[in-house]
Amino acid sequence: MANSTMDAYTRRMKAAELQSTIDATLKRISSHKGVVGYLVLNPRDGSIMKYVGMTDCDVGKYAKSVHAFVNLTRSVVRTLDASNDLMFLRLRSKKHEIIVAPEKDFVFVVVQDYHIVNKDDMVIIRPKQKEEEEEEAENEAGETQGES
């Protein structure tokens with residue numbers, strides 16, 4: 001009896017230590033420049049297990065879409081090679097980069113701003129400034145006029 005109590009205590013201590021490590025990792029990831037937020041999804045049904053840095057509305061949209069896309073992508077990978085599985089997925093939209101790490105017990109999703117500038121061999125992630133967007137629009141308009 002004392003042995004099973006000690007085993008249960010050891011399991012609880014290991015679980016607490018693991019949770020502490022997970023929480024520290026999530027905090028570190030969410031503090032990176034450019035990270036908008038993250039979600040942790042249940043891989044079976046796409047339900048939201050945890051999220052940080054996003055509105056409820058955005059979280060619901062990301063959870064539903066990412067879950068469906070992960071299932072589709074995993075199916076494609078397995079169709080191409082039955083012995084293979086989806087390990088990592090990176091998507092880029094106009095606004096964000098979405099990084100997905102599907103695991104057995106969870107699907108980890110990080111949403112970050114992807115506008116990157118290299119300066120002195122240091123990568124800085126920052127949103128585009130309004131002036132840059134206007135300058136790009138002017139350049140594109142000039143290129144279009146030059147082609148006519």
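Colleague: How should I read the accessibility of D85: is D85 buried, partly exposed or exposed?

Modeller: In this predicted model, D85 has a relative accessibility of 28%, and therefore counts as partly exposed, since that class lies between the buried limit of under 20% and the exposed limit of over 50%.

Colleague: Which residue forms a salt bridge with D85, with the closest N and O atoms 2.9 Å apart?

Modeller: Side chains of opposite charge can pair when their charged atoms come close. Here the partner is R74, whose closest N and O atoms with D85 are 2.9 Å apart. D85 lies in the loop between helix 2 and strand 3 (89-92), while R74 belongs to helix 2, so the pair ties together parts that are 11 residues apart in sequence. R74 itself has a relative accessible area of 15% and is therefore buried.

Colleague: What other residue forms a salt bridge with D85, with the closest N and O atoms 3.3 Å apart?

Modeller: That residue is R78, and the closest N and O atoms of this pair are 3.3 Å apart; at 42% relative accessibility, R78 counts as partly exposed.

Colleague: How many salt bridges does a search of the whole structure find?

Modeller: The search finds 5 salt bridges, and one of them joins the side chains of E97 and R90 at 2.9 Å, N to O. In that pair E97 is buried, with 4% relative accessibility, whereas R90 is exposed, with a relative accessible area of 52%. Elsewhere, salt bridges that share partners join R74, R78 and D85 into one network.

Colleague: Turning to the nonpolar side chains, which residues touch the most other members of the largest nonpolar core?

Modeller: A nonpolar core is a set of buried residues joined through their side-chain atoms. The largest one here has 16 residues, and those touching the most other members are L39, L41, V66, V70, V100 and V109. Strand 1 (35-41), helix 2, strand 4 (96-102) and strand 5 (107-113) each give two or more residues to this core, and helix 2 gives the most, with 6 residues.

Colleague: Which residues does V109 touch, not counting residues up to four places away in sequence?

Modeller: On that count, V109 touches G37, Y38, L39, L41, V66, I98, I99 and V100. Of these, Y38 and I99 are included in a second, separate core of 9 residues, as are I29 and A101.

Key: Residues are numbered from 1 along each chain as its sequence is written. This is a predicted model: local features need pLDDT of at least 70, side-chain atom pairs count only at pLDDT 80 or more; totals for chains, interfaces and linings use all residues. Side-chain values use heavy atoms; hydrogens and water are left out. A salt bridge is a side-chain nitrogen of Lys or Arg within 4 Å of a carboxyl oxygen of Asp or Glu. Helices (H or I, at least four residues) and strands (E, at least two) are DSSP runs, numbered from the N terminus. Buried means under 20% relative accessible area, exposed over 50%, partly exposed in between (1.4 Å probe, protein chains only). A nonpolar core is a set of buried Ala, Val, Leu, Ile, Met, Phe, Trp, Tyr and Cys residues joined through side-chain atoms within 4.5 Å. Contact means heavy atoms within 4.5 Å.
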